[in-house]
Each structure stands twice: as structure tokens, then as C-alpha cells.
Amino acid sequence: MLFSEFKKKEVINLKDCQKLGKVCDFEFDECTGQIFKLIVRGNNKWGGLFGCEPDYVICYKDIKQIGPDIIIVDICKK
């Protein structure tokens, strides 16, 4: 799967069924090419004028399903 395809997917938390945002970056092992973490930009409210939610760093082990339009993760938000 290409990174450009990953960026279009909405990330949803299984614990509370909330949309976390879209994938904006990821960390990977340079030697093996395996993805370790997804970075999801928090949802901006009102174009960022009144603040926004923080970015989420999600371990690859917390990804439960990758579908054609969404990525389902299982994380506890702080």
C-alpha cells in the first residue's frame, strides 16, 4: 500500500468510536521497512482558530483493521 493511500484513510478508535483524524506520517525501521508507528493529526476545529486536538502516535500493534476507507485502532486516549 502506498503512503498516498494511507493518508486518505480516516482513523477511528474502537474504544469510543471517535474519529481521531487522518494519517499524516509514520515511523518505520530503515533496515526492514516495517512500520512501527502511525502519526495521526488531531481534528482541527474551526480551521485551527480556537485550538485543535493533539496529534496521536499509534503503535502498529494497536491497529486492528485496515479497510478501504478507514483504519480501526484500539487505544486509550489520555
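The stops below go from the whole chain to single residues.

**The whole chain**

Start with everything selected. This is a predicted model. Show it as a cartoon. The protein chain has one helix and six strands. Follow the chain along the sequence and the order reads α-β-β-β-β-β-β.

The accessible surface of the protein chain comes to about 5,700 Å². Carbon and sulfur atoms own 55% of that surface. Of the 78 residues, 27% count as buried. Contacts come next. Take those between residues at least 6 apart in sequence: 34% of them join residues at least 24 apart.

**The nonpolar core**

Hide the surface. Select Phe-6, Val-11, Leu-20, Val-23, Leu-38, Val-40, Tyr-56, Ile-58, Ile-63, Ile-71, Val-73 and Ile-75. These 12 residues make up the largest nonpolar core. Which elements give two or more residues to this core? They are strand S2 (19–28), strand S3 (35–41), S4 and strand S6 (70–73). As a general point, nonpolar side chains in soluble globular proteins tend to be buried together.

Stay with one core member, Ile-75. Leaving aside residues up to four places away in sequence, Ile-75 touches Asn-13, Lys-15, Leu-20, Ile-58 and Asp-62.

**Strands S3 and S4**

Select S3 and S4 together. The two strands pair in the antiparallel sense, over four bridges. Find Val-40, then look across: Tyr-56 in S4 stands opposite.

Colour S4 by face. Tyr-56 and Ile-58 are on the covered face. Val-57 and Cys-59 are on the uncovered one. Side chains in a regular strand alternate between the two faces of the sheet.

Next, pick Ile-39 in strand S3. Is Ile-39 buried or exposed? Ile-39 counts as buried, because its relative accessibility is 16% and the cut-off for buried is under 20%. From Ile-39 to Tyr-56 is 17 residues in sequence, but 5.7 Å in space, C-alpha to C-alpha. Show the neighbours of Ile-39 beyond four places in sequence. They are Lys-22, Val-23, Cys-24, Asp-25, Phe-26, Glu-27, Tyr-56 and Val-57.

**Around strand S6**

Move to S6. Its covered face holds Ile-71 and Val-73. Ile-70 and Ile-72 are on the uncovered face.

S6 pairs with S1 in the parallel sense, over four bridges. Click Glu-10 to see one partner: Glu-10 is bridged to Ile-70 in S6.

S6 also pairs with S5. These two run antiparallel and are joined by three bridges. Gln-65 has Ile-72 in S6 as its bridge partner. S5 and S6 form a hairpin, with three residues between them.

**Two salt bridges**

How many salt bridges does the structure hold? There are two. Side chains of opposite charge can pair when their charged atoms come close.

Select Asp-74 and Lys-15 for one of them. Their side chains meet at 3.0 Å, N to O. Asp-74 lies in the segment after S6, and Lys-15 in the loop between strand S1 (10–13) and S2, so this pair ties together parts 59 residues apart in sequence. Asp-74 counts as partly exposed, at 24% relative accessibility.

Then select Asp-62 and Lys-61. They form a salt bridge too, with the closest N and O atoms 3.3 Å apart. Asp-62 is buried, at 17% relative accessible area. Lys-61 is exposed, at 63%.

**A loop residue with positive phi**

Go to Cys-17, in the loop between S1 and S2. Check its backbone: phi is near 60°, a positive value in a residue other than glycine. Most residues other than glycine have a negative phi. Cys-17 is exposed, with a relative accessible area of 63%.

**Last stop: a surface patch**

Bring the surface back. Select Met-1, Tyr-60 and Ile-66. Together they form a nonpolar patch on the surface, with about 300 Å² of accessible area. Tyr-60 is in the loop between strand S4 (56–59) and strand S5 (63–66). At 39% relative accessibility, Tyr-60 counts as partly exposed.

Notes
Residues are numbered from 1 along each chain as its sequence is written. This is a predicted model: local features need pLDDT of at least 70, side-chain atom pairs count only at pLDDT 80 or more; totals for chains, interfaces and linings use all residues. Side-chain values use heavy atoms; hydrogens and water are left out. Patches are made of residues with over 30% relative accessible area and no salt bridge: like charges are joined within 9 Å, nonpolar side chains (Val, Leu, Ile, Met, Phe, Trp, Tyr) within 5 Å. Accessible areas come from the Shrake-Rupley method with a 1.4 Å probe; for residues, only the protein chains shown count as cover. A salt bridge is a side-chain nitrogen of Lys or Arg within 4 Å of a carboxyl oxygen of Asp or Glu. Buried means under 20% relative accessible area, exposed over 50%, partly exposed in between (1.4 Å probe, protein chains only). A nonpolar core is a set of buried Ala, Val, Leu, Ile, Met, Phe, Trp, Tyr and Cys residues joined through side-chain atoms within 4.5 Å. Contact means heavy atoms within 4.5 Å. Two strands pair if DSSP finds at least two bridges between them.
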